[in-house]
Structures are given as C-alpha cells and as structure tokens.
Amino acid sequence: MAPRCWRHWPAWLRTRPPLARNLPSSRRPFSTQEQIPQICVVGSGPAGFYTAQHLLKHHPRLHVDIFEKHLVPFGLVRFGVAPDHPEVKNVIHTFTQTAHSDRCAFWGNVMVGRDVSVPELQAAYHALVLSYGAEDHQALGIPGEELPGVFSARAFVGWYNGLPENRELAPDLSCDTAVILGQGNVALDVARVLLTCPQYLEQTDITEASLGALRQSQVKMVWIVGRRGPLQVAFTIKELREMVQLPGSRPVLEPADFLGLQDRIKDAPRPRRRLTELLLRTATEMPGLEEAAYWASAPRAWGLRFFRSPQQVLPSPDGQRTAGIRLAVTKLEGVGEDARAVPTGDVEDLPCGLVVSSVGYKSRPIDPSIPFDPRRGIIPNKEGRVVGVPGLYCSGWVKRGPTGVIGTTMNDSFLTGQALIQDLQAGLLPSEPRPGYTTIEALLSSRGVQPVSFSDWEKLDAEEVSRGQRAGKPREKLTDPQEMLRLLGR
C-alpha cells in the first residue's frame, strides 16, 4: 500500500500532490517552475488594497493589477472618511507600501464595465476580484425627494471630501435648520461638519470650495432623525462622544425618550451598554455649572429625534426649494436590535431648509456578465467566491453589503484572498500563461483611455500637499480630473 502522505511516494509519482494528478494540465496547481499567476482587483479602496495585500503576502510569485475608475486611489479612505478624522486615514501608508511592491501595479482612470469589460479581464487574468464598493445610495422613495435642498449623504460627503462627481454640488446652507435622516456614523459625520467651527476645519483636508460654503453657513440646528429608538441607533460611542463634546454646540435630547432604559441595558453587549449609558447621561443628568454655562452660550445645537420616519419632503410655497419634512410617528414591534418600526398614524412636520438622507449606501452591477442580487445589493457569493463563476471573487461592501468599519473590511478581504489562494493551490484556476496587463494596456490604448499609474498618483499627491502647505492645510485635494491629467502632461 502506498504511503498516505504524497511526500513519501516514489520520485516519479510525487511531482505533484495527489489532487493535481487527475487534473487537466490547464487546471493544475501553480508551482515555482510554472507561470506567474496574474490577478486583477477592481477597486482601490480598503477592500481592494487589503485583498491585494493578503495575496502578495501569502503567495511568493503572484502579481496583482489594481484597476480604479478614479485617477486617485484609496476609495472611501479618501472620499468617505471625515476630514476631522485624519488618524483613520493613516491606513493609506499601508496601502502605499502594497502599491510599491514590484509585484503590484495600480491603474487609475480605468472604468471597468465601460473602458474594459469583465469578460476581457477574465481572459487576460487567472482570477478577478471585484472590490468596487457601494457607489450608489438608498433612495427614500417619498414625495419631494427631488426638491432642491435634498441630498444623499453619499453626495454630501463626496462634496466636502473632494469626490470629482460631487464637486459642483453647491448645497444652499442659508437655512437655520438641517435634518439628517438616519442615525449611523455617516449621519454624525455630516452633522459634525455642518456644526464645526470653520476655523477648525481650515486645518483639515476638506476642500476649499466646501469650506467657503461652510464659512457662510447659517445652519444653527441639526436634527438627526431615526425610525427606531435609542437602543437601535447605529452610530458608535466614539462618534457620539465627539458630538457631545463638539465646541460651540449643545445637545438637545428629550429625557422622555430614555425612560426605563437603564434597566433594559443591564444584559446588553458591552458596546451597546456603554453607548446607551452615554446617551442617558447626556439626556437626563443635570450639567455642572461650568458645562451649563458653556451650553447656554453655544451658538449651535444638535438633537436626536427618535421614532420618526420620513413621509414627504415639504416644498416652499413657490415649490422651488425644501421647506420642511413630514415625519410619521412610529412605535416598535419586537425588542432589541431586531425591533421593527411601524407607524402609529400620527404625523408631524419639521421645518428645515436642508435634508440629508443617510439611510445607507448601495452597490450596483458594473457589468452585465456578473451575477447580482438587486434586493440585497451584493454579488451572490460563498466566502468571496462568486456563485457560478469560477475564477471570479468579491470582497468588501459588494460582497457583504455596506456595513462595518475599515477593520471589518480588512478581515473580510483577507478571507477572500485566502479563498483565492486555496483555489490556486488546489488547481481550480487556469495555470496556462495569461498576459495580464499587457493585453489590457493595448485594449485601453485602442479605446483612447489614459491609465494613471501609482507614480502618477504620487505626483498628484505632491501637488496636493504643496497647495495645502500654502494654505496651512495637510493638503488641498484636486477635484477636477481634467486638471489632474494636465498636471500629468496628458
């Protein structure tokens, strides 16, 4: 009987593990003598870079090309993280190390699905990972949503963070009250930016255009509205603490919303318990003399409105702008995180001139050849392997939905990278030579597409830092793609 471990088999038999002996040559596992695996990653945000990082770390020969539709890398780290959270952006240093690997290349200004198709990429690479995130927002689906003065949080955040497609958003901030629909971290980010003193924002990488608008802002009150109650808020304690301690602003919370919560959170998980305790203290405890005097003199305020669901954006008398929002009063059915908000039949109107909808991001399909679940807004997958399409993988929000923080995406992307390497080693991916970027470069050139390399990005980065230094900021983001191409001599 042959030894159970293939390493103890005779030399003529152990040229490959047993799994490989019964596979056609085009599906045998890669060895150090065979071709370099060519892997394509679509999207250069956290999911894309973390996937690439894992692949490069755990395979000694593999090569990764990262394609990005924007001219600049880093996705939501650049375009989503609030400008007053620079510490969160430190992960860019890790991504830059990955991009500097001689086995990794970044190609910006290439929109997959328009400039090059997924089938074309599949033909050029041994495997393809879709990590392009959630590029759309959940619509409210209520009358008046199209009125001037109503914005998605995705667009509003993109405006102050320099996302090229939102650079001309120009929200009217001449009103005194803004309403943000949704009670997650993004909602608190928007509220904080609206209420933060412009002199502080001047020290961040917020765009000059949005900073100019915020200097002229008349917004003094921001309501953050949720369908459910204090036990179901989606923001975290760090973001809440920042709001409570925000200079020049005071919290407006209704103590009645918190009755009986102290007893109900005793057995709650620690993060939820600590978050609710901070809400309780802020809403019900009398502030000290110094704090009371400080809040009394604060020129701005913010508040949480619970058990309210948007029904209609109310127009001004001439119908040309937003004048308020009609909210259905709700109650909860069920308990805890799974409690569902149902209308009571009562409504109330809340005057405001600005409505920002922060009820969620949404992925969309980028190529008709890719399976997609429109209800869940994800690519159907099992542990990152796209269902029914060997060699196609996904990671990040397009894999699991728009939830979690950067650390969540890191772990998720590592798991996808691990699945791909397992398939590579098991001979489930083609092992014959694939041309990789050589073929794609020729296709893009024939179509007039001008890819941007990581060294090109570093030239743009240096220009942004230089402009920022002149203004006393970390950087002044470039927001016009045509200007970027001119700076690169294109």
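Predicted model: local features only at pLDDT ≥ 70, side-chain atom pairs only at ≥ 80, totals over all residues.

Entry, fold. I counted 18 helices and 18 strands in the protein.

Entry, overall size. I checked the radius of gyration and got 26 Å; a compact globule of 490 residues would come out near 23 Å, so the two agree. Along the principal axes, the C-alpha atoms fill a box of roughly 85 × 60 × 45 Å.

Entry, packing. I find 53% of the 490 residues buried. I then took the contacts between residues at least 6 apart in sequence, and 73% of them join residues at least 24 apart.

Entry, surface and charge. The protein exposes about 22,700 Å², with 52% of that supplied by carbon and sulfur atoms. I also located the mean positions of the 56 positive and 52 negative charges, which lie 7 Å apart.

Most residues other than glycine have a negative phi, so I went looking for exceptions.

Phe-74 is not a glycine, yet its phi is positive at about 90°. I traced Phe-74 to the loop between strand 2 (63-67) and helix 3 (75-79). Buried or exposed, this Phe-74? Buried, because its relative accessible area is 2% and the cut-off is under 20%.

Glu-383 also has a positive phi, near 55°. I found Glu-383 in the loop between strand 16 (381-382) and strand 17 (385-386). Glu-383 has 60% relative accessibility, so I log it as exposed.

Terms used. Residues numbered from 1 in each chain as written. Heavy atoms only, no water. Helix = DSSP H or I, 4+ residues; strand = E, 2+ residues; numbered from the N terminus. Rg over C-alpha atoms; globule rule 2.2 N^0.38 Å. Buried < 20%, exposed > 50% of the residue type's maximum accessible area, 1.4 Å probe, protein only. Contact = heavy atoms within 4.5 Å. Areas by Shrake-Rupley, 256 points an atom, 1.4 Å probe, with all protein chains shown as cover. Lys, Arg positive; Asp, Glu negative; His and termini not counted. Charge placed at Lys NZ, Arg CZ, Asp CG, Glu CD.
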